[in-house]
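Please read this briefing beside the sequence and the coordinates.

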Amino acid sequence: MKRKIVFGFICLFLCGSCWLTRKIDTHQFALKEMTQFATPLNGWITAGLKEEGEDFFICHSQYDENLYFVLVNDIQGKTTSQINLPSKIIDLNTLIDKRNNDQWLFISSNDSDSLYLMGVKYIWQIPLQRENKYFSSLERTDWAKGRVDYIYNGSIYPIFLEDIDNDGKMDLLCQLIDFFTAKPRGLILYDFETGFIKWRYDLPCNPRSILWDDFDGNGSKEIIVSNDALKNTTEIINDVDDCSGWIIVLSAKGDLLFKEKEFSGYGRIYLDAADVKQDGIKEIYAVNCTWGSEKHFNIASVFNWNGKRLIKNRTLELPSTLESNQFPNFLQQMDSRSDYYLHLVDTKAGLLILDTNLNPVKHNYKDFVNQIWDIGDLDRDGNKELFLQKKDGSLEILDKNYYRRARIKNPFPDTIIYSANIVKTGFETKPLLVVGTNKQINYYEYTSLSAFTILLSLLRNYALLLFILAALFCIILIIRNMYHKKNTLKLIDSWEQGILKVNKKGIIKYHNFKIKELANDFELLKRKKLEHCFPALAKPFQEFCNANLKTGSYIGTLNPNPQSKVYQVYFIRMTSYRKFYYLVIRPYTEEGAIAEKMEWAETARRLSHHVRRYITNILLALETLNTDTDPTRNKYYQIIRSEIDKVRVFTHAFQRFTELQDYQLELQDIIPSIEHCLSKIQFPENIQLIKNWSLASISAYIEPIRFEEALTNIVNNALEAMPEGGTLHISVKEFPLASSPQGQLRVLIEIEDTGKGIPQKYLEDIWKPFFTTNQSGTGIGIPETKKIIDSMGGLMNIQSEENIGTVVTIWLKGDSNVRN
């Protein structure tokens, strides 16, 4: 039961730890590179420019009023290329030409009168070469042209490098953006090869999201545009104003197919699309983010394009506190097996997650979010992470279940973070995180924390909870132990046997009611010492402790008076962090012991009889097959016969071991028996035999045949332990005025060899029947030898040290009338 409680607590702790680790950081932002700029940057991006999959740091700034430049740096900060322009650089972007996987860098600039767009492709050879492509410029026609107090930031921003109009030629679809005036704003399509304008669709408002795909499955692709409503102008162009949120559908030729007003007032509409149903048709997701004094609602919607108009399938009213700056690619799968989810930011509720049916998804991230910077697989495990910034400026990484995995304080508390995103470092390496301002760029690795660090974090963050759990566990254990001890003591007191609980020093920790009857002097029992209460038990108990056995027994009196009643005492070592021993004392009855032995002997006799009968049948069958002249088969017959003979020998030994015999002990000289035993054993030439007995005659109570059998087993074991030779020392001594630890045993026989010894871990197992480390042995020799010595009232003990040797000690009953 205790093990179950401990196991249950461990499971509870591990489960709790797993749950708690969801609430602490398991990874960290590890700073890898840092680049500082002497001249403040006007803007920067990270993007790939060659096929190796490694991103570059691309930035732009200016030397003076007439010279602007673009720098292409690697992640280590080394400049690869510099492009100088006479006009102010507004925006940078990169796109891939899918025909040949060429990476193009597009630079948008203006000179306050016209807008320019330049494309750059690098040829990665030594020396590095560059191909430039120029596109038709656009003249600025807004009302603020010519005003020196107005900083003009109009730009042409490329979105798609594809065959947009399906004419077999590559096109470049761009946004026209003017931050505070209305011209130019809208979309423009360039012929990528010539740089000429194919068509242009003007708007009074800035485009926000642009989708290009076949949304109805008819083979022709549509362009779907949403906008920012900023009220910069009251002008109406193509029946669209800058005071409302619009969704516009254009053909690949730039013709209007459909438009619909979503709201009035300030705001913007984000669009994303995915084939959620896996039917080949993408669904369009729109999120309206509005602000200002006008009463309108923020709404998430799901549309389908039927070829003529947008069909609104589902809508959800969103909080009025929805953040106006959302992550553009908000519709994401967090792993390859999960559904798509909408990832939005609410200034009050924090992270807002919706499924594709626009149902809110519950999660445990409750902090206030300022912005989602990027979503991608940071550790290349197939699961995406979410990179965001909180209201306090700190940066965090969430896993696919939206549990925080890493956090770092704002590395630039005194300035605004210009951008932060995931940076590719190659196809086989993990990406980095880049965070920067216009003066400094930091690159971070997303690395796992060590188990020790996580444990310290657990202890630091949940010290009180862990302390309460540990205290509860201790209290439960204490109450359970008290309850268990009370019930155990109550049960033990009802037993007819005497029970003692003692420590290794023999101090009595507990005794039941029966012990009071066994102890003649109750005052001695109060001393709590085994040697005071039961003097005869002290020495055999100490020998049991020194032998480090699990169980043992003693038969004899409880005090030095030989006329006292004989008891059988069982020694039991308890396995716990503190060593305690239980002594079970009960009256010794020959009848009970004999009945038990008789039952085992009869079982062994029947088993041996049946096994021998089966062996005889097998041998008779082999006699028939033994006439086979094939030497190979005859060889296997002999192997079978040899193995069967081993089974027969083992069965016979087993029966002999379990036989119950009442030996007729006689007091006789044991020296002739020892000499006769040794004469029948063939000693190898490399064995030196030393006999040591000073007396010509030493008498003991033995049964001669079984005594010689026991001695033969011991000597043979000693010879097997010395295959490379050694010394066998046999000594016989008589102690007329002394006795063995087991009682009135006066004759001591010691057989000592210099063999390989017995490993310490086997010293308890050698007494067990059938235990052997010798493949040809039966495992009955030592147990049978001990049984013979015990049956003659003697005592046998073995001491051994590996690679040193073994000493077998035998005590026998001697002549009590012998005197010195």
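**Strand pairing and cysteines**

In the hairpin formed by β26 and β27, four residues lie between the strands, and Gly393 there adopts a positive phi near 95°. This is a predicted model, in which local features need pLDDT of at least 70 and side-chain atom pairs count only at pLDDT 80 or more, while totals for chains, interfaces and linings use all residues. Residues are numbered from 1 along each chain as its sequence is written, and side-chain values use heavy atoms, with hydrogens and water left out.

**Strands**

- Strands here are DSSP runs of E with at least two residues, numbered from the N terminus, and two of them pair if DSSP finds at least two bridges between them.
- Strand β26 (residues 385-390) pairs with β27 in the antiparallel sense over four bridges, and Phe387 has Ile397 of β27 as its bridge partner.
- β27 is also joined by four bridges to strand β28 (residues 404-408), and these two run antiparallel, with Ile408 of β28 as the bridge partner of Leu395.
- Five residues separate β27 and β28 in their hairpin, where Tyr402 in the turn has a positive phi of about 70°.

**Burial of β27**

- Strand β27 (residues 395-398) is covered on both faces, with Leu395 and Ile397 buried on one side and Glu396 and Leu398 buried on the other; buried means under 20% relative accessible area with a 1.4 Å probe, protein chains only.

**Cysteines**

- The whole structure contains zero disulfides, a disulfide being a pair of cysteine sulfur atoms within 2.5 Å.
- The closest cysteine sulfur to that of Cys205 is in Cys243, 9.6 Å away and therefore too far for a bond.
- Cys205 is buried, at a relative accessible area of 1%, and Cys677 is buried, also at 1%.

Technical notes:
Buried < 20%, exposed > 50% of the residue type's maximum accessible area, 1.4 Å probe, protein only.
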